[in-house]
Amino acid sequence: MEFITYETEGFVGILTINRPKALNALNSQVLGEIEEALDAVDLENTRALILTGAGDKSFVAGADIAEMSTLTKAEGEAFGKKGNDVFRKLETFPIPTIAAVNGFALGGGCEISMSCDIRLCAENAVFGQPEVGLGITPGFGGTQRLARLVGAGKAKEMIYTAFNIKADEAYRIGLVNAVYPQADLLDAAKKMAAKIAKNAPIAVRASKKAINDGLDVDMDQAIVVEEKAFGSCFESEDQRAGMEAFLNKTKVDGFKN
Ligand code: CAA
């Protein structure tokens, strides 16, 4: 792959979008490579995934404007579908995902961060959906996920005005979970990923799926989603070991699966 690097540290995978000359903008090739990299993650041995951008200036500066500039309506729709399919794969990825937003997260960059479960950002991060200033709408989920994350009023303000917001404002409105000095961001993401990786993998994955699936339905159906997730954990080795350890006043020495 030309624009993606993928490394692992213990149970944690780190996927880096590496196209710094274009501030990690997403063209069709980058989107395809993100999908390929996700498909290649060894889910048996990986318990959390960090997504970040190469360099210290930009996380992802959006979809590639040069590529989009000459698209027809049909091609534009297909490009949007490509991005949406890849981002939905990321959003429903079986293990938790953390976006480590190390700079510009504009348009498709803000959108890919919102397809992750958790967003941590550097003090220099800038978020925004500048698409209407380019004559298009957000196209990789921005109109949908931003409204769900920060509420329709704030999402509409950001999208209609095309104004960018800085890290402190992104934190204030709940778009990011925490802000760190640039130099500490990746370590903070790794620490959080390691904390997740310490817990029972089946239970963590079932929690993620229950939260995601529950958000798509009404509360009567949502609690049934949880009941199924809850029930699915029983009889697992980790459930037995976790509860036995509590009752014996000890700690589990590494969850298994
Ligand atoms: N697409 C293609 N190339 C991009 C890009 C993008 N989204 N963002 C930056 N680049 C390229 C620039 O063209 C430039 O290339 P050259 O050196 O070959 O000229 C290089 O990256 C560096 O960028 P700048 O010189 O512009 O850097 P800067 O520091 O002056 O500005 C910036 C940084 C404010 C992020 C500015 O690059 C910018 O505004 N980028 C576009 C942001 C944007 O509008 N994103 C939304 C795209 S639309 C979208 O994402 C639709 C969707 O929802 C799917």
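**The ligand and its surroundings**

Mentor: The ligand is surrounded by 23 residues, and the closest are Lys57, Ala63, Gly108, Glu111 and Glu131. The model is a predicted one, and the description below should be read accordingly.

Ala63 brings a backbone N or O atom to 2.8 Å from an oxygen atom of the ligand. Gly108 likewise has a backbone N or O atom 2.8 Å from a ligand oxygen atom. In Glu131 the side chain is involved: one of its N or O atoms lies 2.6 Å from an oxygen atom of the ligand. On its own, the ligand has 990 Å² of accessible area, and the protein covers 61% of this. Helix 2 (65–68), strand 6 (104–106) and helix 4 (108–114) are the elements that give two or more residues to the shell around the ligand. By residue class, the shell divides into 14 nonpolar, 4 polar and 5 charged residues.

From the ligand we may turn to the aromatic rings. Across the whole structure, a search finds 3 aromatic pairs. In one of them, the ring centres of Phe79 and Phe140 are 5.4 Å apart and the planes stand at 55 degrees, so this pair is classed as tilted; an edge-to-face pair would require an angle over 60 degrees. The pair joins distant parts of the chain: Phe79 belongs to helix 3 (residues 73–91), whereas Phe140 lies in the loop between strand 8 (126–128) and helix 5 (142–150), and the two are 61 residues apart. Both Phe79 and Phe140 are buried.

Phe140 also forms an aromatic pair with Phe87, and here the arrangement is edge-to-face, with 5.3 Å from centre to centre and 75 degrees between the planes. This pair, too, links distant parts of the chain, with Phe87 in helix 3 and Phe140 in the loop between strand 8 and helix 5, 53 residues apart. Phe87 has a relative accessible area of 0% and is therefore buried. The corresponding value for Phe140 is 4%, so Phe140 is buried as well, the limit being under 20%. Taken together, Phe79, Phe87 and Phe140 are linked by ring pairs into a cluster.

Rings also take part in arrangements with charged side chains. Arg19 places its charged end over the ring of Phe3, at 5.6 Å from the ring centre. The charged end of Arg47 sits over the ring of Phe11, 3.8 Å from its centre.

The backbone deserves a final remark. Most residues other than glycine have a negative phi. Glu235, a residue other than glycine, has a positive phi, near 75 degrees. Glu235 is found in the loop between helix 10 (219–233) and helix 11 (237–247). Its relative accessible area is 69%, so Glu235 is exposed, the class that begins over 50%. Lys249 also has a positive phi, near 55 degrees, and is likewise a residue other than glycine. Lys249 is placed in the segment after helix 11. With 77% relative accessibility, Lys249 therefore counts as exposed.

Key:
Residues numbered from 1 in each chain as written. Predicted model: local features only at pLDDT ≥ 70, side-chain atom pairs only at ≥ 80, totals over all residues. Heavy atoms only, no water. Near = heavy atom within 4 Å. Polar contact = N/O pair within 3.5 Å; in protein donor to acceptor, adjacent residues only side chain to side chain. Areas by Shrake-Rupley, 256 points an atom, 1.4 Å probe, with all protein chains shown as cover. Helix = DSSP H or I, 4+ residues; strand = E, 2+ residues; numbered from the N terminus. Nonpolar A, V, L, I, M, F, W, Y, C, P; charged D, E, K, R; others polar. Phe/Tyr/Trp six-rings, centres within 6.5 Å; stacked < 30°, edge-to-face > 60°. Buried < 20%, exposed > 50% of the residue type's maximum accessible area, 1.4 Å probe, protein only. Lys NZ or Arg CZ within 6 Å of the ring centre and 35° of its normal.
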